[in-house]
Amino acid sequence: MGDDWRVCIAFDDRPRQLKSCQQALIPALGSRLGDQVAVSSSRTQIFLYAPSIGLADEAAQVAREVLARHDVSAPVRTERWNLWEQEWRDADEMSADVAAERQALHEYRQEQERERSVTTGFPAWQVRVELPSHRDVVTLAGYLAAQGWRVRPRRRYLIVGADCEDDAKGLARALSGDGRADADTAFRVGRVSYRYMCVPGGLIG
């Protein structure tokens, strides 16, 4: 069982209170959570190890109830193991860090896709726009081409090349929200497979 989460209860320098609460906490946890939460302690702390945030939250709630029953005031903190830094971190702080790391990674990937698209001449993503008529296809293709998009018109749809995922999804949102799309217009955003080659004038769909 991977215990990636834990609840830390700190008693400062009150080992007697720790022992009393530990004696009450272990059976309380056992009755509520069974053997899914492991208990350990140091001289002034109790640790409750759990395999998921849900069980950690429930263990924290049990801990607070036991502390209140014994009229003991002690901080109860939920922590998560940080693989990168090899240490326990506050779960709330960790969540913010994870979100920031994911956003930074996403931005890095977008930049890599843009650079690859420019270097190879092949767009990394494409937006397929299905329209009610060929006239609508021609009109929208001319509008997008004038804006600098790489467009390949077909009879009832067109394919627009985009340098990265954000650009593709942004174009689909813009077209669906600026009044140019009606109920019969459909959008499909996808990554371009490099099995596809370019032909004069645009992409192969």
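1. Two strands count as paired if DSSP finds at least two bridges between them, and strands (E, at least two residues) and helices (H or I, at least four) are DSSP runs numbered from the N terminus. A hairpin of three residues joins β7 to β8, and Arg150 has Gly161 in β8 as its bridge partner.

2. Before going further, please note that this is a predicted model, where local features need pLDDT of at least 70, side-chain atom pairs count only at pLDDT 80 or more, and totals for chains, interfaces and linings use all residues. Residues are numbered from 1 along each chain as its sequence is written, and side-chain values use heavy atoms, leaving out hydrogens and water.

3. Strand β8 also pairs with β6 (residues 125-130), antiparallel and through six bridges. Here the partner of Gln126 is Gly161.

4. Is β8 buried or exposed? Six of the six residues in β8 (residues 157-162) are buried, meaning under 20% relative accessible area with a 1.4 Å probe, protein chains only; exposed means over 50%, and partly exposed lies in between. In a regular strand, side chains alternate between the two faces of the sheet. In β8, Tyr157, Ile159 and Gly161 are buried on one side, and Leu158, Val160 and Ala162 on the other.

5. Helix α5 (residues 165-177) has 13 residues and spans 18 Å from first C-alpha to last, close to the expected 18 Å; that expectation is 1.5 Å times one less than the number of residues. Glu165, Ala168, Leu171, Ala172 and Leu175 of α5 are buried. Down the axis of α5 these buried residues fall within an arc of 135°, so they line one face of the helix; the arc is taken from the directions from the helix axis to the C-beta atoms. Arg173 and Gly177 are exposed on the other side of α5.

6. The largest nonpolar core has 26 residues, and Val7, Ile9, Phe11, Leu25, Leu29, Leu48 and Leu67 have the most contacts inside it. Such a core is a set of buried Ala, Val, Leu, Ile, Met, Phe, Trp, Tyr and Cys residues joined through side-chain atoms within 4.5 Å. Helix α2 gives this core its largest share, eight residues. Another core, of 17 residues, lies apart from it and includes Leu140, Leu144, Ala162 and Ala172.

7. Finally, how many disulfides are found in the whole structure? The search finds zero, a disulfide being a pair of cysteine sulfur atoms within 2.5 Å.
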